[in-house]
Amino acid sequence: VTGQIAGSYPALYLSGCNPVKVLKGKLESSVGEVWARKGLVVFQFVLSVILIVSVWVVYQQISFVQNRNLGYDKSNLISLPIEGKVAENPETFLSEVKRVPGVINASAMQGHIIGNSSFTTGLDWDGKNPDDVVKFQNFSVGYDMIETLKLNVMDGRNFSRELGSDSSAIIFNETAIELMGLSNPIGATVNLWGEDRQIIGVVKDFHFESLHEEVKPIFIKLDFSFMMSVVARLEAGKERETLAQLQEFYQDFNSGYTFDYQFVDADYQALYVAEQRVSTLSKYFAGLAILISCLGLFGLAAFTAERRLKEIGIRKILGSSDFGIVRLLSADFTKMVLASIVIALPISYFIAQQWLEGFAFSISLQWWYFAGAGLVALLIAWFTVGLQTVKAARINPADCLRDE
């Protein structure tokens, strides 16, 4: 459709020309035609600036989510499903895994650390409004999970094998404590599913979902039933050797099952597949938009220079320098690009702001994102126009005035 429209315009325009005026050389462009040419160039550069800003904002946000402190250390952390003989006696399996050289620590949990969606409303505490329905994320873990994940215990302590009473203990994150309004949580008692549990610790908030989601209230309890995954931390720099030894041990311990492990940081990156795709596509779109804009500007610069050849020749005869000619021809195009930047920046700000609102945690839009995009567009325009204006400025006046 675009090809038909673009091809039909010059055909319709030429078919409507008056042959007498054409042969007399009196064919003039209307004001509408001039504005159409300039308007298309402005529109092209508006799109280019918007896409340049988009590429930069998406890149900054992806870098932000990849480097943000999640409240636990996801590097060199692997998880594998509990199945077969491992499911029969996970504690024995874990104790053997910890003996493998290169394994720093290991534990087990119900569900998975990334995207854990198990929640309950069956938690009550002193001072809770009985009409309130509050959802708490449920992390049921074995011993050493907090150490394995390197969660930061802000107050109180972790679960201990030496204390049998910890089977009825509970640990909350900061958001949960704030939501419950407990000023001195350690030692307080809550009721979970009809069973009283004592709060022994508070951990710093951590992200088990993508940064699209707010940090939710979480409680962590010991529960050795229905364990679904093993989480192990490997020594940095020895991952390959450690994994080879783990695979050998796993095949001996749990014959008939595949050592199907996943790195937790890779699972975390998988939460942002859509954003990575947007980042890649926006780069291609920005490149194409800039290329098309440059072609349009280059064509308009060539057309303008050709129509003003005689004027350029006369100006040079009257003493104008090459730089003066270049500045004269570039001024009009610079105004068009500046107009594009003025139009594009508020639009790009609105689009970027709307996209970032999809994240609970996001970067702040900085003024230099937009100033940089405008400067890039202006430099590209000057370079594109400069190829034609410099060529026109260096023309010999005798060549363009010979027929007069």
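This is a predicted model: local features need pLDDT of at least 70, side-chain atom pairs count only at pLDDT 80 or more; totals for chains, interfaces and linings use all residues.

Colleague: Are H10 and H13 roughly parallel or roughly antiparallel to each other?

Modeller: Helix H10 covers residues 273-307 and helix H13 covers residues 367-393, and their axes lie 9 Å apart. The angle between them is about 25°. Angles under 35 degrees count as roughly parallel, so the answer for H10 and H13 is roughly parallel.

Colleague: How many nonpolar residues does the contact of H10 with H13 have?

Modeller: On the H10 side, the contact includes Ile290, Leu297 and Phe298, while H13 brings Ile380, Val385 and Leu387, among others. By class there are no charged residues and 2 polar ones in this contact. The nonpolar count is 12.

Colleague: How far apart are the end C-alpha atoms of H10?

Modeller: H10 has 35 residues, and at 1.5 Å a residue they should span 51 Å. The model agrees with that expectation, because the end C-alpha atoms of H10 are apart by 51 Å.

Colleague: And is H5 roughly parallel or roughly antiparallel to H8?

Modeller: H5 (residues 90-97) and H8 (residues 239-253) pack with axes 11 Å apart, at an angle of about 150°. Angles over 145 degrees fall in the antiparallel class, so H5 is, relative to H8, roughly antiparallel.

Colleague: Which residues of H8 does H5 meet?

Modeller: H5 passes H8 in a right-handed crossing. From H5, the residues involved are Thr92, Phe93, Glu96 and Val97. Their partners in H8 are Leu246, Phe249, Tyr250 and Phe253.

Conventions:
Residues are numbered from 1 along each chain as its sequence is written. Side-chain values use heavy atoms; hydrogens and water are left out. Axes are lines fitted to C-alpha atoms, for helices over the stretch in contact, and angles run from 0 to 180 degrees between N-to-C directions. Helices (H or I, at least four residues) and strands (E, at least two) are DSSP runs, numbered from the N terminus. Angles under 35 degrees count as roughly parallel, over 145 as roughly antiparallel, 65 to 115 as roughly perpendicular and the rest as oblique. Contact means heavy atoms within 4.5 Å. Ala, Val, Leu, Ile, Met, Phe, Trp, Tyr, Cys and Pro count as nonpolar, Asp, Glu, Lys and Arg as charged, and the others, Gly among them, as polar. The expected span of a helix is 1.5 Å times one less than its number of residues. A crossing is left-handed if the near helix is turned anticlockwise from the far one by less than a right angle, and right-handed if clockwise.
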